[in-house]
Amino acid sequence: MGSATREALAGTRAELAALGRAELPVAGDLLAATRVIAVTPQLRTALTDNEADLAQKTELARRVFGGRVAPAASSLLVSAASQRWSSSADFLDGLEELGFRVAADAAGDVEVDGELYAFQRTVASDAELELALGSKLGSVEAKVALVERLLSSKAAPATTLIVRHLVQSPRGRRIGEMLRGAAAVVADQRGFDVATVTSAVPLTDDQVARLERTLGAQAGRRIRFDAIVDPAVLGGVRVQIGDDVIDGSVASRLSDLRLKLAG
């Protein structure tokens, strides 16, 4: 991520904070606009041209979306268009992230991030489901219908909205990657750091509780766990929070030993 994008994301998040809590339809409008821009190269180029006049870019955003989306969504879209982005792909990711953050706020105390992680694990454990949702050959309509059938009566509307968007606009990403990324954004909006914990076998509730206390104290923030079971680690755990990695797995220690012996 370039420095321009980091500053742009900070700007759009500040705009979101200034607007206060928005309703779920605003998230839907933002995600729908993201999909439109993703498939309209001329519009995407015009909105992300850092050499273009800023007033013209913001006016274009107002003209294209102003009468078609909720006022709060229009304000956020204009704010995003007024920022400098490192690339058009970053612009799309930033708009998408805004939609996820609005959805998280609109859901209140509902653990949308937890539902997204749970659905990601379900998809990862079912090869047919993963293919049905992630294959380039399947129709978008069929994927959306499948998401509705699986989630509409079991998950929060915000969760269903996010997953429905992801299968409509994969942009070359794998379904598991998209679900994890969306869950991490939602968790951050709810005030959590995400710790990806990889172990050879599922952790017990007591082990998770101890990790939660330890990592939460170190991070100074609440922790949301994304648990991954991978027999390749052999034993112990590998924990990643952002760019920080704590690798206490047996596989890592064996690798270190082999390197020492080879040296």
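Biologist: In this predicted model, which residue of β2 is the bridge partner of V197?

Modeller: The model is predicted, so keep that in mind throughout. β1 covers residues 192-199 and pairs with β2. V197 has its bridge partner in β2, and that partner is A227.

Biologist: In which sense do β1 and β2 pair, and over how many bridges?

Modeller: Strands of a sheet pair through backbone hydrogen bonds, either parallel or antiparallel. For β1 and β2 the sense is parallel. The number of bridges between β1 and β2 is eight.

Biologist: What is the order of the strands in the open sheet?

Modeller: The sheet is open and has four strands. Its pairing is mixed. The order is β2-β1-β3-β4.

Biologist: Why is one side of β2 and of β4 left without a neighbour in the sheet?

Modeller: β2 (222-229) and β4 (244-247) are the strands at the edges. One side of each lacks a neighbour because each has a single partner strand. From one strand to the next, the twist averages 20 degrees.

Biologist: Is β1 largely enclosed or largely open?

Modeller: Buried means under 20% relative accessible area. Seven of the eight residues of β1 are buried. So the rest of the structure leaves β1 largely enclosed.

Biologist: Which strands does helix α7 lie across, and at what angle does it run to β2?

Modeller: Helix α7 spans residues 112-124. It lies across β1 and β2. Its angle to β2 is about 5 degrees.

Biologist: Which strands does helix α12 touch, and what angle does its direction make with that of β2?

Modeller: Helix α12 (residues 205-219) packs on the sheet. It touches β1, β2, β3 (237-241) and β4. Its direction and that of β2 make an angle of about 130 degrees.

Biologist: How many residues of helix α5 are buried?

Modeller: Helix α5 runs over residues 71-81 and is mostly covered. Its buried residues include A73, S74 and V78. They pack against α1 (3-19), α2 (24-38), α3 (41-48), α4 (54-65) and α6 (88-106). Of the 11 residues in α5, the buried ones number eight.

Biologist: Are α5 and α6 roughly parallel or roughly antiparallel?

Modeller: Angles over 145 degrees count as roughly antiparallel. α5 and α6 pack at about 150 degrees, with their axes 11 Å apart. That makes the two helices roughly antiparallel.

Biologist: How do α9 and α10 run relative to each other?

Modeller: α9 (residues 140-151) and α10 (residues 157-168) pack at an angle of about 160 degrees. Their axes lie 9 Å apart. α9 passes α10 in a right-handed crossing. By the angle, the two helices are therefore roughly antiparallel.

Biologist: How many charged residues are there in the contact of α9 with α10?

Modeller: V140, K143, V144, V147, E148 and L151 of α9 meet T160, V163, R164, V167 and Q168 of α10. Six of the residues in this contact are nonpolar and two are polar. The charged ones number three.

Biologist: Is T160 buried or exposed?

Modeller: T160 lies in helix α10. Not counting residues up to four places away in sequence, T160 touches V147, E148, L151, S152 and A155. Its relative accessibility is 5%, so T160 counts as buried.

Biologist: What separates the C-alpha atoms of L9 and F119?

Modeller: L9 lies in helix α1. At 7% relative accessibility, L9 counts as buried. L9 and F119 are 110 residues apart along the chain. Their C-alpha atoms are separated by 27 Å.

Biologist: What is the relative accessible area of A89?

Modeller: A89 is found in helix α6. Its C-alpha atom is separated by 23 Å from that of A72, 17 residues apart along the chain. A89 is partly exposed, and its relative accessible area is 42%.

Note on methods:
Residues are numbered from 1 along each chain as its sequence is written. This is a predicted model: local features need pLDDT of at least 70, side-chain atom pairs count only at pLDDT 80 or more; totals for chains, interfaces and linings use all residues. Side-chain values use heavy atoms; hydrogens and water are left out. Buried means under 20% relative accessible area, exposed over 50%, partly exposed in between (1.4 Å probe, protein chains only). Contact means heavy atoms within 4.5 Å. Two strands pair if DSSP finds at least two bridges between them. Axes are lines fitted to C-alpha atoms, for helices over the stretch in contact, and angles run from 0 to 180 degrees between N-to-C directions. Angles under 35 degrees count as roughly parallel, over 145 as roughly antiparallel, 65 to 115 as roughly perpendicular and the rest as oblique. A crossing is left-handed if the near helix is turned anticlockwise from the far one by less than a right angle, and right-handed if clockwise. Ala, Val, Leu, Ile, Met, Phe, Trp, Tyr, Cys and Pro count as nonpolar, Asp, Glu, Lys and Arg as charged, and the others, Gly among them, as polar.
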